[in-house]
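Please look over the model shown here.

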Amino acid sequence: MLYYLTKRLGLSAVVICLVVLVLFSLLHLIPGDPATIALGPRATEEAIARYAAKMHLDEPVWRQFLIYIGNAMTGDLGLDVFSDRPVTAIIMERVGFTLALVGAGMGWAMLIGIPLGCLAAVKPNSWLDRVTGVLSVGTIAVPSFLVSIWALLIFAVQLRWLPAIGAGEPGNIGDQLSHLILPAFAIGLSWVGYLARMVRASMLEVMGENYIRSARAFGLRPRRVIFGYALRVAILPTITLIGMGFGGMISSTVFAEIIFARPGIGKLIFDAVMARNFPIVQGAVLVATGLYIFVVLFSDILIAWFDPRVRESL
């Protein structure tokens, strides 16, 4: 287990280094001087020179890369171009909103998708299975930004049931939860279909195993057979999908945070790109990548912990 964890951590570190390398490459592949692009065409030569010295843009590219990696390992992601504040502090102010949105979106998708997949697998080829299949494909096919727009127009503008924009008043939990409902619904809807299809396929495979037949032959109650034996094994592939889903939702939050004017990493990256604020873009993308890698790594560890077959192969 220790070897497996060390191996995964090493691969994660390599991926993060490659992400930083790609970000640096894109920055220097953009036509023009990075300092001039960041400060604008009206910046004086003195301001451009100060900015280049502060951001180490006057150093060779390989040295810039090593300096950024070394600073990032200590939590220093640079300074904001406009406010001169630490990028790490700005990101930490937003990351909580994104994590709350991703957790709420995946949470309600799991509460609906997993039981729906179980019911469809228990009664295959029934009307419930067919309805579940149609709903699953339909939710998967609809993009999250389209769901965000229609949810905003229907529930916030037309019906006025829920607030339209913002994240709620600080300290007011009820207001923050009401502002969380629509964006969480928008980014989680497609994952209801993904989870339902995955659980159904896994359950159908497990329900045909010999130990399930033996449990039924011994007269165990159907509920205990399904939830006590079949689902415990069938849920293992779904854990991997949930881990990947958390990472995928981080990218989906970009549209939701823009449409609902909600603070978060996605909107921070969008605003920084539009303002040509490269330190914010680099830092936010690096943090988002780190979150994705952490969640996927955590799901892999859970699989290795719960599945004896994986533990024996390590």
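Q: At roughly what angle do the axes of H5 and H10 cross?
A: In this predicted model, local features need pLDDT of at least 70 and side-chain atom pairs count only at pLDDT 80 or more, while totals for chains, interfaces and linings use all residues. Residues are numbered from 1 along each chain as its sequence is written, and side-chain values use heavy atoms, with hydrogens and water left out. Helices (DSSP runs of H or I, at least four residues) are numbered from the N terminus, and axes are lines fitted to C-alpha atoms, for helices over the stretch in contact, with angles from 0 to 180 degrees between N-to-C directions. The axes of H5 and H10 come within 8 Å, and they cross at roughly 145°.

Q: What is the handedness of the crossing of H5 and H10?
A: A crossing is left-handed if the near helix is turned anticlockwise from the far one by less than a right angle, and right-handed if clockwise. For H5 and H10 the crossing is right-handed.

Q: Which residues of H10 make the contact with H5?
A: Contact means heavy atoms within 4.5 Å. From H5 the contributors include Thr98, Gly103, Gly105, Met110 and Val122. On the other helix they are Ile226, Leu231, Ile235, Ile242, Gly245, Phe246, Met249, Ile250, Thr253, Ala256 and Glu257.

Q: Which residues does Thr98 touch, not counting residues up to four places away in sequence?
A: Thr98 is part of helix H5. Its relative accessibility is 2%, so Thr98 counts as buried (under 20% relative accessible area; exposed is over 50% and partly exposed in between, with a 1.4 Å probe and protein chains only). Leaving out residues up to four places away in sequence, Thr98 touches Thr253, Glu257, Gly264, Ile265 and Gly266.

Q: Which helices are included in what covers the buried residues of H11?
A: The buried residues in H11 are Ile265, Gly266, Leu268, Ile269 and Ala272. They lie on the same side of H11 because they cover an arc of only 165° around the axis, the arc being that of the directions from the helix axis to the C-beta atoms. Their cover includes helix H5 (87-122), helix H10 (222-259) and helix H12 (278-306).

Q: Which residue just after H11 takes a positive phi?
A: The phi in question is about 60°. It belongs to Arg276.

Q: How far apart are the closest N and O atoms of Lys267 and Asp271?
A: A salt bridge is a side-chain nitrogen of Lys or Arg within 4 Å of a carboxyl oxygen of Asp or Glu. Lys267 and Asp271 are 4 residues apart in helix H11 (residues 265-274), so about one helical turn separates them. Asp271 is partly exposed, with a relative accessible area of 32%. In the salt bridge between Lys267 and Asp271, the closest N and O atoms are 3.1 Å apart.

Q: How many residues apart in sequence are the parts that Arg200 and Asp129 tie together?
A: The side chains of Arg200 and Asp129 form a salt bridge with an N to O distance of 2.7 Å. Arg200 is in helix H8 (residues 173-207) and Asp129 in helix H6 (residues 127-141), so the pair links parts of the chain that are 71 residues apart in sequence.

Q: Are Arg200 and Asp129 buried or exposed?
A: Both belong to the salt bridge that joins Arg200 to Asp129. Arg200 and Asp129 are each buried.

Q: What is the relative accessibility of Arg85, the salt-bridge partner of Glu93?
A: The closest N and O atoms of Glu93 and Arg85 are 2.5 Å apart. Glu93 is partly exposed at 43% relative accessibility. Arg85 also counts as partly exposed, and its relative accessibility is 33%.

Q: How far is the C-alpha atom of Phe260 from that of Ala167?
A: Phe260 sits in the loop between H10 and H11 and is buried, with a relative accessible area of 2%. Not counting residues up to four places away in sequence, it touches Ser148, Leu152, Ala164, Ile165, Gly166, Leu182 and Pro183. Phe260 and Ala167 are 93 residues apart along the chain, and their C-alpha atoms are separated by 8.6 Å.

Q: How many helices does the protein chain have?
A: Buried residues make up 40% of its 314 residues. The chain has 0 strands (a strand being a DSSP run of E, at least two residues). The number of helices is 13.
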